[in-house]
Amino acid sequence: MSTLSLPCPAKLNLMLNITGRRSDGYHLLQTLFQLLDYGDTLHFRDSATPGIQLASSIEGVAHEDNLIVRAANALIDYTGTSRGALLDLEKHLPMGGGLGGGSSDAATTLVGLNQLWSLGLSLDVLARLAEPLGADVPVFVRGYSAWAEGIGERLEPVTLPEQWFVVLHPGPHVSTASLFSTPDLPRNTPPISRDQALTLTHNDCEQVARRLYPEIDDALTWLAPFGPARLTGTGACVFCPLTSEQEAANILRRIQQERDTHDGRRQWQAFVAKGCNTSPLHITVDSPG
Ligand SMILES: C[C@@](CO)(OP(=O)(O)O)[C@H](O)COP(=O)(O)OP(=O)(O)OC[C@H]1O[C@@H](n2ccc(N)nc2=O)[C@H](O)[C@@H]1O
Ligand SMILES: Nc1ncnc2c1ncn2[C@@H]1O[C@H](COP(=O)(O)OP(=O)(O)O)[C@@H](O)[C@H]1O
């Protein structure tokens, strides 16, 4: 019986501009996706029962809505395979955190089942299956840090400087759909070039997220003295880039102290991660072409 354990890395949006809106309501973005060496882990086991079984459910997410199940079903429908698998998710990433956790779980499901079941699908086919699952899924299937346009499906690989990040989750769960439906969100930022983006630390969702969630505002204000702190995606996580692991570890210790000294008012969770130009998933798996 074959088994496989694969990473589902997190992403950060190092910058995010909203440049317009499509006729279906989806927002047109320009963003720099930075992959991290930190995330969930997905364990796969071949099963004689056709289809997908999950070892555990995620609170508040119905089985058929779980992005892992939706990704597996997309693969099963496309290939017509009668193979089966039991999947066990070790969840570390906060939901609604702007770290792309659910999207990365879905991408690892596509890449992992392709290997477990020896389906031989190319990355191009897997990326096509990824698109309807969510705007963030294709970048995790492609497996490189990227400059993205459109709604996140037009991707170009980028080589980002080797940096460490302290990532702070201030507590709230931000729904991507509801943040994007806020009336006064900036939606007409002039498009920039990829090279300009490399030095930009701006996120068009940040002002609205700070106003709607005082916990995000508090976390960004606290983090700002350590470096160019900003929001990832639509939040709720905020982050700060650092040049050394030691600096990041020192800030992480300070965050843990803050949590312990504010009578539970600051329900902060945090981690330190290294930015990767290639996804830890693609380094681990026998990568399809
Ligand atoms: C904004 C970004 C930036 O990385 O990140 P998150 O903060 O969610 O991680 C993403 O593009 C999010 O991608 P993802 O989380 O996959 O969103 P989806 O499931 O595709 O969309 C959820 C809902 O958000 C809105 N949506 C999403 C993406 C987009 N470019 N424009 C939108 O208006 C739509 O209302 C959609 O129904
Ligand atoms: N396997 C999954 N892991 C996390 N969230 C999932 C999963 N499947 C479905 N979801 C839904 O997707 C939403 C967005 O989750 P997530 O991708 O973690 O956040 P974000 O898009 O902010 O990075 C969750 O609130 C949840 O309702």
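Q: Two residues are in contact if their C-beta atoms, placed from the backbone, lie within 7 Å. Which residues in α1 meet which residues in α2?

A: Helices (H or I, at least four residues) and strands (E, at least two) are DSSP runs, numbered from the N terminus. Here L67, I68, R70, A71, A72 and L75 of α1 meet G102, S103, D105, A106, T109, L110 and L113 of α2. Sorted by class, that contact holds 8 nonpolar, 3 polar and 2 charged residues. Nonpolar covers Ala, Val, Leu, Ile, Met, Phe, Trp, Tyr, Cys and Pro, charged covers Asp, Glu, Lys and Arg, and the others, Gly among them, are polar.

Q: What should I know about the model first?

A: It's a predicted model, where local features need pLDDT of at least 70 and side-chain atom pairs count only at pLDDT 80 or more, while totals for chains, interfaces and linings use all residues. Residues are numbered from 1 along each chain as its sequence is written, with chains lettered from A and ligands numbered from 1 in the order in which they are written. As for confidence, pLDDT (the predictor's per-residue confidence, from 0 to 100) averages 95 over the chain, and 99% of the residues score at least 70. For the complex, the predictor gives an ipTM of 0.95 and a pTM of 0.96.

Q: At what angle do the axes of α1 and α2 cross?

A: Two packed helices are described by the angle and the distance between their axes. The axes are lines fitted to C-alpha atoms (for helices, over the stretch in contact), and angles run from 0 to 180 degrees between N-to-C directions. For α1 and α2 the crossing is roughly 35°, and the axes come within 8 Å.

Q: How do α2 and α3 pack?

A: Their angle is about 140°, and the axes sit 10 Å apart. Under 35 degrees is roughly parallel, over 145 roughly antiparallel, 65 to 115 roughly perpendicular, and the rest oblique. So α2 and α3 are oblique to each other. In this pair A107, L110, V111 and N114 of α2 meet L126, L129 and A130 of α3. That contact has 6 nonpolar, 1 polar and no charged residues.

Q: Which residues are closest to ligand 2?

A: A residue is near a molecule if its C-beta atom, placed from the backbone, lies within 6 Å of it. Ligand 2 is surrounded by 19 residues, with L67, M95, G101, G102 and D105 the closest. Helices α1 (67-79) and α2 (101-116) each supply at least two residues of this shell, and the largest share, 4 residues, comes from α2. By class the shell has 7 nonpolar, 10 polar and 2 charged residues.

Q: What about ligand 1: which residues are closest?

A: H27, G134, D136, T176 and G233 are the closest of the 19 residues around ligand 1. Two or more residues come from each of β2 (27-47) and α5 (176-180). This shell counts 6 nonpolar, 12 polar and 1 charged residues.

Q: Where is the cis peptide bond?

A: Most residues other than glycine have a negative phi, and most peptide bonds are trans. The cis bond joins G235 and A236, with omega about 15°. A236 lies in the loop between β8 (230-231) and β9 (238-242). Take a look at S118 too: its phi is positive, near 50°, and S118 sits in the loop between α2 and α3.
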